[in-house]
Amino acid sequence: YDFNMKGELRHLDTNESFVFNYYKNAHERNHKRYQVLGHALTQYVYELLERACMLQKVYIPTNATEDEPRSFFFMSEKALTSTSSLTVLLQDCGVFRAGQWGQKTIINEGLEHGTQIPFIKTALQSQFEVIVLNPNDNFLHLKTEEERLSVFKRQESSSSMESLRSILKRCSSSPEEHTMYVWDHFISKSAAKKVAFIAHGYGGLVFIDLLVQRKWEVMSKVFAAAFIDSMHNTQHQAGSDPQIQEWMQKHCQEWVSSNKPLDKPVGSLMKVNCPTVSAGTEKYGLAPSCCLHAIFKYLKSALKTK
């Protein structure tokens, strides 16, 4: 498989799109094949972030030892030094990594819809600097017996060799911890006075977690947050903090999958914390790409207001 000129994944010989049930009556074998493709996609998108978007890979934690498993994220060259606005992309939870809105969407709909690359390019063209978080990169999977043995010897822990399949990455053991670490060590120290977050699915919950944990910092530095089908629950996460509720009402907007036309108000009984509009599609996986231009229009007008 490879991507054609339109960014669609096609079989090199047959030109057909990806087939999950490649082997007859062999779900496990097909799943394994799908996982291998997913891993290759991850590496390919990482490569595109550096090659096509000119982003830099930054390893964390910054004080990691040489043999310690590390995570990383991506940022534009002047993300920390430019005083212009900074956009932070925060993806949903899942097997996919930095630069992807959804692995399934990349496979079925192509790079334009499934990756964050159109968002990154639009942000850079709009004179925004960019940080692409990598919230799902939480473990190092130990594939071989040798790897496990060396880690087992290093860790004076009671965990048996058998259970040592993966090790958590320090400061990135969960999406919440990863985001908080990048906020504390990079975003909060950046020269940008105006930061915007674009958060999809579980990413919205992670952003609200950050808002609750770093309330005054976030409220003074973030001028807008654009949610896409967010899983956050302000009541549950922030209690009835009136300041957070007031801030969200003023500085956040959510786009949700809906059969209504793009940007039309959508009433939500569950969330009364920020204005909610239609993403212009009923498909969850296509929501980010469908509301890309609407989101940047919103961010630019919020910037003027600020």
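This is a predicted model: local features need pLDDT of at least 70, side-chain atom pairs count only at pLDDT 80 or more; totals for chains, interfaces and linings use all residues.
## The largest pocket

The largest pocket has a volume of about 1100 Å³, and among the 35 residues that line this pocket, Gly-38, His-39, Thr-42, Val-95 and Arg-97 are the closest to its centre. By residue class, the lining of the largest pocket consists of 12 nonpolar, 13 polar and 10 charged residues.

Four elements, namely α1 (27–51), β3 (56–60), α2 and β7 (139–141), each contribute at least two residues to the lining of the largest pocket. Of the elements, α1 gives the most to this lining, with 11 residues.

## The second largest pocket and α4

The second largest pocket holds about 190 Å³ of space, and its lining is made up of 13 residues, with Leu-48, Leu-111, Glu-112, Ile-117 and Lys-121 lying nearest its centre. Two or more residues of this lining come from each of α1, α3 (111–114) and α4 (117–125), and α4 gives the most, with 3 residues. The residues that line the second largest pocket divide into 7 nonpolar, 3 polar and 3 charged.

Within α4, the buried residues include Ile-117, Pro-118, Phe-119, Ile-120, Thr-122 and Ala-123; Ile-117 is also one of the residues that lie nearest the centre of the second largest pocket. After α4 comes Gln-127, which has a positive phi, near 65°.

## Gln-91, a buried loop residue

Gln-91 is found in the loop between β5 (86–90) and α2 (103–109), and Gln-91 counts as buried because its relative accessibility is 1%, where the cut-off for buried is under 20%. A polar atom of the Gln-91 side chain lies 2.9 Å from the backbone oxygen of Arg-97, and Arg-97 is in turn one of the residues closest to the centre of the largest pocket.

When neighbours within four places in sequence are left aside, the contacts of Gln-91 include Phe-96, Arg-97, Ala-98, Gln-100 and Trp-101. Further along the chain numbering, Gln-91 is also in contact with Gln-116, Leu-133, Asn-134, Pro-135, Asn-136, His-200 and Gly-203.

## Two further loop residues

Asp-13 sits in the loop between β2 (9–10) and α1, and with a relative accessibility of 71% Asp-13 counts as exposed. The C-alpha atom of Asp-13 is 8.6 Å from that of Tyr-1, a residue 12 residues apart from Asp-13 along the chain.

Leu-262 belongs to the loop between β11 (252–256) and β12 (276–278), and with a relative accessible area of 36% Leu-262 is partly exposed. Although Leu-262 and Gly-280 are 18 residues apart along the chain, their C-alpha atoms are separated by 3.8 Å. Beyond its neighbours within four places in sequence, Leu-262 makes contact with Trp-255, Ser-278, Ala-279, Gly-280, Cys-290, Cys-291 and Ala-294.

## The cysteines

A disulfide is a covalent bond that joins the sulfur atoms of two cysteines. A search of the whole structure finds 0 disulfides. Cys-252 is in no disulfide, and the nearest cysteine sulfur, belonging to Cys-274, is 5.4 Å away, whereas a disulfide is counted when the two sulfur atoms are within 2.5 Å.

As for accessibility, Cys-252 counts as buried, with a relative accessibility of 2%, and Cys-171 also counts as buried, with a relative accessibility of 15%.

Definitions and conventions. Residues are numbered from 1 along each chain as its sequence is written. Side-chain values use heavy atoms; hydrogens and water are left out. Buried means under 20% relative accessible area, exposed over 50%, partly exposed in between (1.4 Å probe, protein chains only). A polar contact is a pair of N or O atoms within 3.5 Å; within protein, one must be able to donate a hydrogen and the other to accept it, and residues adjacent in sequence count only if both atoms are side-chain atoms. Contact means heavy atoms within 4.5 Å. On a 1 Å grid over the protein atoms alone, a cavity is a set of points where a 1.4 Å probe fits but cannot get out, and a pocket is an open set with protein on both sides within 12 Å along at least five of seven lines; lining residues have an atom within 4 Å of a point. Grid points are joined across faces, edges and corners, and a volume is the space filled by probe spheres set on the points. Ala, Val, Leu, Ile, Met, Phe, Trp, Tyr, Cys and Pro count as nonpolar, Asp, Glu, Lys and Arg as charged, and the others, Gly among them, as polar.
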